[in-house]
Amino acid sequence: RLAARHESLRTVFHHGRDGVPLQRILANPVIDFDSLDLRGSDEPEKELDALFRQVAQAPFDLEAAPPWRVRLVRVAADHWQLLLCMHHMITDGWSSQRLLQEWVHLYRCERRNEPPELASLPVQYADFALWQREFLAGDAGEKQLAWWCEQLGDEHPTLDLPTDRPRPAERDGR
């Protein structure tokens, strides 16, 4: 229900002509939602921690499926953990909070066998992105660019910060 309500949760991204990224909103996507039962585990908290790291670090295939995944983990008879991992392309701090509030509302309604009462959304993320693109295409965009160029200046010296260990002169990706 949450994905049906929010287009960003049904969006995949691919390269269009000339490498320009395009978004495509799917009608009925397959959401990566798995459940796991750790009640029989000798170390459920350790396995849960490993699962969280695995889910959070796994790359998203932005072209194949919407960039979010969910795991529902049963740790004890009356203890469940929900892991929700979302790519930054489809969420930010404010929208994550909103999605979680709606998730809880939908869950409670489902448990009570009540219809959910959520106001219809006046705009979707794609609408906002289009509005912002149109806004920045005019004089406002030129003013924004000029302001940032003035703020950032022309010189960008290397920022010499302390590190936890010496770094090689040439990076090797480790």
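What follows is a set of questions and answers about this predicted model.

Q: How many residues lie between E4 and E5 in their hairpin?
A: These two strands pair in the antiparallel sense over eight bridges. One spot to look at is Trp68, which stands opposite Met86 in E5. E4 and E5 form a hairpin, and the number of residues between them is two.

Q: Is Ser41 buried or exposed?
A: Ser41 sits in the loop between strand E3 (32–37) and helix H2 (44–57). Its relative accessible area is 17%, and the cut-off for buried is under 20%. So Ser41 counts as buried.

Q: Which side chain does the side chain of Ser41 join in a polar contact of 2.5 Å?
A: Ser41 has a couple of contacts to look at here. Its side chain reaches the backbone nitrogen of Glu43 at 3.1 Å. The polar contact of 2.5 Å is between side chains, and the partner of Ser41 there is Glu47.

Q: Is Asp18 buried or exposed?
A: Find Asp18 in the loop between strand E1 (11–15) and strand E2 (21–25). Its phi is near 60°, a positive value in a residue other than glycine. The relative accessibility is 80%, and over 50% is the cut-off for exposed. Therefore Asp18 counts as exposed.

Q: What is the relative accessible area of Asn113?
A: Asn113 is in the loop between helix H3 (93–112) and helix H4 (125–137). Although Asn113 is not a glycine, its phi is positive, at about 60°. Asn113 is exposed, because its relative accessible area is 72%.

Q: What is the volume of the largest cavity?
A: The structure holds one cavity of 30 Å³ or more. E1, E2 and H4 are the elements that give two or more residues to its lining. Among the lining residues are Glu7, Phe13, Ile25 and Tyr125. By class, the lining has six nonpolar, three polar and one charged residues, and the volume of the cavity is about 60 Å³.

Q: Which helix gives the most to the lining of the largest pocket?
A: This pocket has about 480 Å³ of space. Of its 18 lining residues, His6, Trp94, Ser95, Gln124 and Tyr125 lie nearest the centre. H3 and H4 each supply at least two lining residues, but the one that gives the most, with four residues, is H3.

Q: Which element gives the most to the lining of the second largest pocket?
A: The second largest pocket has a volume of about 410 Å³. Its lining of 16 residues includes Phe13, Pro21, Leu22, Gln23 and Met89, which lie nearest its centre. E1, E2 and H4 each supply at least two residues. With seven residues, the element that gives the most is H4.

Terms used. Residues are numbered from 1 along each chain as its sequence is written. This is a predicted model: local features need pLDDT of at least 70, side-chain atom pairs count only at pLDDT 80 or more; totals for chains, interfaces and linings use all residues. Side-chain values use heavy atoms; hydrogens and water are left out. Buried means under 20% relative accessible area, exposed over 50%, partly exposed in between (1.4 Å probe, protein chains only). On a 1 Å grid over the protein atoms alone, a cavity is a set of points where a 1.4 Å probe fits but cannot get out, and a pocket is an open set with protein on both sides within 12 Å along at least five of seven lines; lining residues have an atom within 4 Å of a point. Grid points are joined across faces, edges and corners, and a volume is the space filled by probe spheres set on the points. Ala, Val, Leu, Ile, Met, Phe, Trp, Tyr, Cys and Pro count as nonpolar, Asp, Glu, Lys and Arg as charged, and the others, Gly among them, as polar. A polar contact is a pair of N or O atoms within 3.5 Å; within protein, one must be able to donate a hydrogen and the other to accept it, and residues adjacent in sequence count only if both atoms are side-chain atoms. Two strands pair if DSSP finds at least two bridges between them.
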